[in-house]
Amino acid sequence: MPSEIFANGSYVLSGSYFTVTDGVGYIKPNDPEKNVDATIDGFWITFDSVNSPGTTVRWEYDYSWGNKDIGILILGDTAGAYHVIVMGNTNFDWSSLSITYTGEGESTGESNFFTVTYEGVSYDFTQDSTGTAPVSFTPCYLAGSLVKTTKGFENIEDIKPGDMVLTYEGDVELPARVMWVGASFVKVLEGPHDDMAGYPVTVCKGALGDNVPFENLSVTSEHCIVIDDKFIPVRMLVNGKSIFYDKSQVSFTVFHILTERHRVINVNGVLSETYLLNDKSSWKFSVQKGISLSSVEAMSWQEDAAVPLCCERGFVEPIWKKLSERAKEDLS
């Protein structure tokens with residue numbers, strides 16, 4: 001039996017039943033249920049049908065397939081029923097979706113895969129050895145992260161669309177309106193290297209400077225912080241002492257916020273980032289509030305980052321060494 005891929009709770013999703021004949025997936029034109037409020041409990045997904053008002057729909061899954069680069073999942077049960085679902089509130093174009101089964105017919109594992117084509121781009125949908133869709137990662141904050149707003153520091157999970165956060169352009173502090181908030185549940189994939197497993201990174205109090213952060217900050221490994229006027233993914237600063245993969249957290253909820261453009265914000269006293277929306281990442285949030293992300297143009301690090309992203313060894317390594325030495329001094 002695979003692992004559950006969802007935390008129990010409420011989600012917005014779209015989806016459809018489909019059949020497979022001679023290796024080709026078939027979806028009836030009127031079958032997709034669009035942007036329904038669903039409840040997930042274990043391996044059951046329940047919602048009130050939009051297509052058939054007054055009807056409650058229940059889908060069960062035993063296995064799942066996915067690809068971390070696109071926000072689509074395929075669910076299957078041992079009776080041979082398949083469902084394809086899209087997480088989040090989206091304007092998904094079902095006419096641009098096609099599914100083929102190109103695997104070998106095994107119950108689980110990498111040889112048992114679908115190929116999904118959406119808007120002309122094809123993706124192999126695979127499983128791990130348990131029959132579970134592969135994990136995906138999004139730069140995010142964990143619960144309890146304190147964001148500086150016009151009203152003071154507030155927990156990331158309490159921030160709502162319309163709230164005003166403080167942002168930074170050089171030494172200038174400017175208010176910006178939150179347009180969207182997202183949250184999702186993460187389960188660590190134990191086994192791969194720490195950065196690929198999905199463990200969060202904890203930046204200990206004082207790891208970056210005197211009282212910076214002012215209390216421990218936990219983020220996902222690809223999340224970026226600002227040092228010397230550049231964004232650096234926090235995974236590149238891990239030293240195992242003051243900045244480390246927190247292996248005590250194997251499942252957790254992550255949060256992010258979007259402003260009208262990518263911004264630098266203050267979180268636990270650390271200069272960090274708002275959400276940089278790209279065309280592959282928005283699906284990873286199972287709970288979304290505020291504007292529809294489908295109405296926002298995709299951003300890029302090259303053109304839209306609030307400050308430059310720098311992963312070059314010549315820039316990052318001296319910073320890593322400085323922070324590692326600081327950690328040694330604090331422990332001595």
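## What you're looking at

This is a predicted model, in which local features need pLDDT of at least 70 and side-chain atom pairs count only at pLDDT 80 or more, while totals for chains, interfaces and linings use all residues. Numbering starts from 1 along each chain as its sequence is written, and side-chain values use heavy atoms, with hydrogens and water left out.

## The chain overall

The protein chain has three helices and 26 strands. Both are DSSP runs numbered from the N terminus: helices are H or I with at least four residues, strands are E with at least two. Of its 332 residues, 48% are buried. Here buried means under 20% relative accessible area, exposed means over 50%, and partly exposed is in between, using a 1.4 Å probe and protein chains only.

The accessible surface comes to about 15,900 Å², and carbon and sulfur atoms hold 48% of that. Those areas come from the Shrake-Rupley method with a 1.4 Å probe; for residues, only the protein chains shown count as cover. As for contacts (heavy atoms within 4.5 Å), take those in the protein chain with a separation of 6 or more: 60% of them involve residues 24 or more positions apart.

Strands β13 (residues 146-149) and β14 (residues 152-155) run antiparallel and are joined by four bridges. For two strands to pair, DSSP has to find at least two bridges between them. The hairpin from β13 to β14 goes through two residues, and Lys148 has Phe153 in β14 as its bridge partner.

Further along, Asp158 sits in the loop between β14 and β15 (164-169). Asp158 is partly exposed, because its relative accessible area is 43%.

## Two nonpolar cores

A nonpolar core here is a set of buried Ala, Val, Leu, Ile, Met, Phe, Trp, Tyr and Cys residues joined through side-chain atoms within 4.5 Å. The largest one has 48 residues, and Leu237, Ile243 and Ile257 touch the most other members. Strand β23 (residues 251-258) is the top contributor to this core, with five residues. Apart from that core there is another one of 18 residues, including Phe18, Ile70, Tyr82 and Trp94.

What does Ile243 contact, leaving aside neighbours within four places in sequence? Its partners are Val201, Thr202, Val203, Ala207, Leu208, Val234, Leu237, Val238 and Leu323.

## Rings and charges

The structure holds 13 aromatic pairs. To pair, rings of Phe, Tyr and Trp (its six-membered ring) need centres within 6.5 Å; planes under 30 degrees apart are stacked, over 60 edge-to-face, and the rest tilted. Phe92 and Trp94 make an edge-to-face pair, 4.8 Å centre to centre with 70° between the planes. Phe92 counts as buried because its relative accessibility is 14%, and Trp94 does so because its value is 13%. Ring pairs also link Phe18, Trp65, Tyr82, Tyr101 and Phe114 into a cluster.

Charges turn up over rings as well, meaning that NZ of Lys or CZ of Arg is within 6 Å of the ring centre and within 35 degrees of the ring normal. The charged end of Arg58 sits over the ring of Trp44, 4.1 Å from its centre. Likewise, the charged end of Lys230 sits over the ring of Phe315, at 5.7 Å from its centre.

## A buried histidine

His223 is in the loop between β19 and β20. Buried or exposed? His223 counts as buried, because its relative accessibility is 0%. Beyond residues up to four places away in sequence, it touches Pro139, Cys140, Tyr141, Ile232, Pro233, Val234, His256, Ser272 and Glu273.

Most residues other than glycine have a negative phi, and most peptide bonds are trans. Glu119 has a positive phi of about 50° without being a glycine. It lies in the loop between β10 (114-118) and β11 (121-125), and counts as exposed because its relative accessible area is 54%.

Asp229, in the loop between β20 (224-227) and β21 (230-233), also has a positive phi, near 65°. Asp229 is exposed, because its relative accessibility is 60%. Finally, the peptide bond from Val212 to Pro213 is cis, with omega near -5°; Pro213 is in the loop between β18 (201-203) and β19 (217-219).
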